[in-house]
Amino acid sequence: MAAEDLVERRSIDVVPDDERHGTAFSQFTLWLGANLQITAVVTGALAVVFGGDVVWSLVGLVLGNLLGGAVMALHSAQGPKLGLPQMIQSRAQFGVKGAVVPLLLVILMYVGFFASGSVLAGQATAELTHTNDTTGIVVFAAVTAVMAAIGYRVIHALGRVASVICALAFVYLGIRLVDRVDVGALFGDARFDLPMFLLAVSLSASWQLAFGPYVADYSRYLPRTTSAKATFWWTLSGSAIGSQWSMTFGVLVAASAGDAFLANQVGYVVGLGGTGLIASFLYFVIALGKLTINVLNTYGGFMSMVTSISGFRGRRVLGPRGRAAYIAVIMVAGTAVALLGKDSFLASFKDFLLFLLTFFTPWSAINLVDYYLISRERYDIPALFDPHGRYGAWRWDALLVYGVGLLAQLPFLVTHFYTGPLVDPLGGADISWIVGLVVPAVLYWSLARRNPPVPGDGTRTERGVSPSARATQAP
């Protein structure tokens, strides 16, 4: 493949049929590789660190990964149908300009995940390069930005490599852990505690739901004929298996190692594996796993920024220099946050995950209800780029529902800096994400059925975009 074919030319514009390629299985390898990584290990460990037992923490994590993963995979199935990035579709619900409201929060998420990933990957990179953590973070961030700038093909290639190498490493680490720890004793101390169980569910559900705002970015190049069911199941299986595998390892490590793991997550995991060449290999694996997911975060942040600005400027095609500039902004912001917060990572990461979930569950609910139940998988593609078209500039009904969805979660939210008034009556359990899915879904479905978008000049298309419209979309 020539270098010019490797570098992606598309941004937020529709991918024409003659550029579609790949199979639904590519979603499995991408999301397996993206989830077999150290931050997922830490996420699983949090279920035990904050008071849960091994058995019910694992059950809760499985449930959360399946529920959140199903929502995330429904977003993935939109990609082959529309050939569009995920957040562009939000214009059908919120308006061409109104979509900037959830987009700003999505960009914040990408910067936050870039930063948290860079902290742990920077430690591994520092060990590999024999430098300090600060240098490791900067080097890692620069490599991430280069790969994100190359784009879609290299991202999937990275996922395929990471899915194999990281799976082998986790098998090895699992064997070492079982050899060192009395796993039977860990499983024998089961004690059900509802708040801790729901915390485990929320941790893994939030992990999965956070992929929702960009998951279709990585399925949009699949041929239009790709089965929606195949896309759904391969995405769900890759993400749920990868994350549960990592989180299970994290639960067992945290339950058996205690303070030794909390003091240095990367160092403990590598030390579990061995020394010398094995340790170097494991540092490489940690950096590779984080590189895979951080490239997704950088690419997703770039796409969201372009979507936000183009909603007001009307531009949909972006040149290489513009692409590099957007990615540089994400890299600089994420690196700055990583350097500022690298000494307090674990204490703030749980709250970051759960607080993000507050903003993205209402968006997911509105997007999925609109796509599957209201629009029936049919969007007027040209109107997504026209503030005077079918979807208008601002959809105030959807924005109102989104706001209600946010507020409805607050009484049930549990973080270090805020705890809702209905948390104590529920025994300390956080069920805000459930409220955040159900309330806006019901409200939006009720309103959208009564007030469909007013037709504009665009031609409504069946299952994506008509051949004539596709011709007008290409740059």
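A: Helix H9 and helix H12 cross in a left-handed manner (the near helix is turned anticlockwise from the far one by less than a right angle; helices are DSSP runs, H or I, of at least four residues, numbered from the N terminus). The model is predicted, with local features needing pLDDT of at least 70 and side-chain atom pairs 80 or more, while totals for chains, interfaces and linings use all residues. Residues are numbered from 1 along each chain, and side-chain values use heavy atoms, without hydrogens and water.

H9 spans residues 152–180; its axis lies 11 Å from that of H12, at an angle of about 30° (axes are lines fitted to C-alpha atoms over the stretch in contact, with angles from 0 to 180 degrees between N-to-C directions). H9 is therefore roughly parallel to H12 (under 35 degrees). On the H9 side, the contact involves Ala167, Phe170, Val171, Leu173, Gly174 and Leu177; H12 contributes Trp245, Ser246, Phe249, Leu252, Val253 and Ser256 (heavy atoms within 4.5 Å). By class, this contact comprises 9 nonpolar and 3 polar residues, with no charged ones (nonpolar: Ala, Val, Leu, Ile, Met, Phe, Trp, Tyr, Cys and Pro; charged: Asp, Glu, Lys and Arg; polar: the others, Gly among them).

Aromatic rings may be considered next. Ring pairs join Trp31, Tyr110, Phe113, Trp207, Phe211, Tyr214, Tyr218, Tyr299, Phe302 and Tyr326 into a cluster (ring centres within 6.5 Å, using the six-membered ring of Trp). Of these residues, Trp31 is buried at a relative accessible area of 0% (buried is under 20%, with a 1.4 Å probe and protein chains only). Tyr214 is likewise buried, at 1%.

How values were computed
Buried means under 20% relative accessible area, exposed over 50%, partly exposed in between (1.4 Å probe, protein chains only). Rings of Phe, Tyr and Trp (its six-membered ring) pair if their centres lie within 6.5 Å; planes under 30 degrees apart count as stacked, over 60 as edge-to-face and the rest as tilted. Helices (H or I, at least four residues) and strands (E, at least two) are DSSP runs, numbered from the N terminus. Angles under 35 degrees count as roughly parallel, over 145 as roughly antiparallel, 65 to 115 as roughly perpendicular and the rest as oblique.
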